[in-house]
Amino acid sequence: MIIQTEYFGFKEAMQYLGIKSHKTLNYYIQQGLPVTQVGKSKRISKTAIDDFMKDHTTRKYSKSEVI
């Protein structure tokens, strides 16, 4: 059974983003991806990731340009 959650640990956030490098995740955080910290626990919300990616979209591609 898969539990749907709004908040990801860093590994789950990386999977959701489709990245494998902690350096890339840290770069996104430096660029403004919000991290929620409660005590020693750090989480990234799915909504924050989606908003961050929307805010950093630079160009929309037409169907003919997509491979």
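Q: Which residues does Ile19 touch, not counting residues up to four places away in sequence?
A: Ile19 touches Met14, Thr24, Leu25 and Tyr28, where contact means heavy atoms within 4.5 Å. This is a predicted model, in which local features need pLDDT of at least 70 and side-chain atom pairs count only at pLDDT 80 or more, while totals for chains, interfaces and linings use all residues. Residues are numbered from 1 along each chain as its sequence is written, and side-chain values use heavy atoms, with hydrogens and water left out.

Q: What makes up the largest nonpolar core?
A: Eleven residues form this core, namely Phe8, Ala13, Met14, Leu17, Ile19, Leu25, Tyr28, Leu33, Ile44, Ile49 and Phe52; a nonpolar core is a set of buried Ala, Val, Leu, Ile, Met, Phe, Trp, Tyr and Cys residues joined through side-chain atoms within 4.5 Å, and buried means under 20% relative accessible area (1.4 Å probe, protein chains only). At least two core residues come from each of α1 (10-17), α2 (22-30) and α3 (46-55), helices being DSSP runs of H or I with at least four residues. The most is given by α1, with three residues.

Q: Why are α1 and α2 called roughly perpendicular?
A: Their axes, which are lines fitted to C-alpha atoms over the stretch in contact, come within 10 Å and cross at roughly 90°. Angles of 65 to 115 degrees count as roughly perpendicular, and α1 and α2 are therefore roughly perpendicular to each other. Phe10, Met14 and Leu17 of α1 make the contact with His22, Leu25, Tyr28 and Ile29 of α2.

How values were computed
Buried < 20%, exposed > 50% of the residue type's maximum accessible area, 1.4 Å probe, protein only. Axes fitted to C-alpha atoms, helices over the stretch in contact; angles between N-to-C directions. Parallel < 35°, antiparallel > 145°, perpendicular 65-115°, else oblique.
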